[in-house]
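Thanks for coming, everyone. Let me put the structure on the screen, and then I will go through how its pieces pack together.

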Amino acid sequence: MREDIYVTRPYLPPMEEYIEYLNQIWDSRNLTNMGKLWQEFNRNLLKLMDVEYCMPMCNGHQALEMVLQAFELSGEVITTPFTFASTTHAIVRNNLTPVFCDIRESDCTIDPDKIEDLITEKTTAIVPVHVYGMPCDVERIEEIAKKHNLKVIYDAAHAFSETINGRSIAQFGDASMFSFHATKCFNSIEGGCIVTKDRDIMFKTYNLHNFGILGKESVDYVGANAKMNEFQAAMGLCNLKHLEENRIDREKIFQYYFERLSHVRGIKLLQYREDVNYNYSYFPIFINAEEYGKDRNAVCELLAKRHIYARKYFYPIASKFNAYKDAGFRGDVKTAERMSEQVLTLPIYPDLKLDVVKEICDILEMKE
Ligand code: T4K
């Protein structure tokens with residue numbers, strides 16, 4: 001019998017490549033606190049993303065929380081509910097109020113046409129999400145932010161290494177957070193980073209992530225511990241070497257799904273742009289029960305019976321979280337609600353066999 005199939009599987013480099021770095025750690029006895037491997041990893045990230053400042057951290061969530069704190073925001077932050085729990089939690093844990101903006105049907109990112117109506121005198125920032133690695137409308141968002149004097153902090157957890165019209169996605173907004181979690185297209189076991197062109201924000205985020213310590217005898221901010229250790233940095237360094245070959249392997253799977261599923265009645269795919277170099281981390285499909293004849297949950301169960309574990313990323317949407325049920329956060333998000341009830345993200349990872357992808361497409365085309 002074939003193995004169980006999950007929505008993703010972490011890429012692991014050849015073990016001897018990791019062991020080379022482990023030898024360096026054993027020699028140096030430097031395990032954490034911005035050591036040599038962390039520094040080397042950071043230099044490589046800076047080059048790859050073509051940004052002024054970058055800082056690897058223990059995970060993407062902490063990175064987002066810290067950078068939001070560094071901006072010293074107050075009041076309301078406009079964001080999307082169509083995302084992982086981390087985005088809104090990072091806002092709420094900074095004592096900010098999320099205001100939910102609806103998404104575009106074409107790519108599930110925040111709808112720029114709906115942002116301005118939500119701006120009040122309390123609004124201080126926009127936190128859009130490049131969900132599934134689909135770039136937000138960065139130009140429109142920048143225009144709106146400039147006009148209303150708002151900060152833009154991207155949750156770019158899914159968008160590592162992407163480019164828009166040849167330009168690194170990391171260059172947009174006042175700052176961006178990328179996740180290097182095991183389930184992402186690039187991993188440092190757990191991990192993430194912040195990028196920005198603002199020197200002061202980077203300086204402050206750096207200090208915040210190390211307890212707010214400024215010098216050996218000076219603690220200037222109420223920080224936390226969000227440091228990336230040397231074992232994580234080592235995995236990041238190994239995996240960077242395989243980034244492009246992995247992207248190419250995922251692209252093949254993406255193309256196969258796309259060709260087979262784009263014509264299935266009742267299944268909708270997102271609109272992919274010619275000018276974006278995608279990382280192909282996710283393959284979301286949207287099932288219209290009336291047209292397809294089965295709803296999303298039924299399809300999910302059908303696949304699970306064959307030991308194929310697709311996921312409902314992102315259901316429920318953040319505005320429906322139990323955690324926020326008494327919070328009264330505002331926002332009319334009908335498109336996000338509908339899309340989240342229809343979505344199923346299919347397995348995609350570099351070594352997923354094409355036979356399995358074919359099997360999934362056969363099931364979805366109801367040939368079996
Ligand atoms: N913003 C956004 C938009 C995000 O999507 C995320 C994280 C963040 C912020 C925060 O970034 P981090 O702090 O995580 O760096 C997973 C991930 O844990 C999470 O990182 C990710 N988003 C989210 C979309 O997916 P779960 O709870 O669905 O993961 P889990 O454990 O169910 O894993 C999914 C599948 O992956 C499993 O069925 C099997 C496979 N898997 C997983 C792990 C951890 C493996 O094969 N090996 C593994 O080690 O959240």
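This is a predicted model: local features need pLDDT of at least 70, side-chain atom pairs count only at pLDDT 80 or more; totals for chains, interfaces and linings use all residues.

Residues are numbered from 1 along each chain as its sequence is written, and side-chain values use heavy atoms, with hydrogens and water left out.

Helices and strands here are DSSP runs numbered from the N terminus, helices being H or I of at least four residues and strands E of at least two, and two strands pair if DSSP finds at least two bridges between them. On that basis, β3 and β5 sit in an open sheet of seven strands, ordered β2-β10-β9-β6-β5-β3-β4, with mixed pairing. At its edges stand β2 (53-57) and β4 (97-100), each with a single partner strand, so one side of each has no neighbour in the sheet. From one strand to the next, the twist averages 20°, where angles run from 0 to 180 degrees between N-to-C directions and axes are lines fitted to C-alpha atoms, for helices over the stretch in contact.

What lies across this sheet? Helix α2 (residues 36-49) lies across β2, β9 (175-179) and β10 (192-196), running at about 135° to β2.

Turning to helix against helix, the axes of α1 (residues 15-28) and α7 (residues 230-240) come within 9 Å and cross at roughly 145°. Contact here means heavy atoms within 4.5 Å, and among the residues of α1 that meet α7 are Tyr 18, Tyr 21 and Trp 26, with Phe 231 and Met 235 included on the α7 side. The residues of this contact divide into ten nonpolar, no polar and two charged, counting Ala, Val, Leu, Ile, Met, Phe, Trp, Tyr, Cys and Pro as nonpolar, Asp, Glu, Lys and Arg as charged, and the others, Gly among them, as polar.

Leaving aside neighbours within four places in sequence, Asn 207 is in contact with Gly 212, Ile 213, Leu 214 and Tyr 221.
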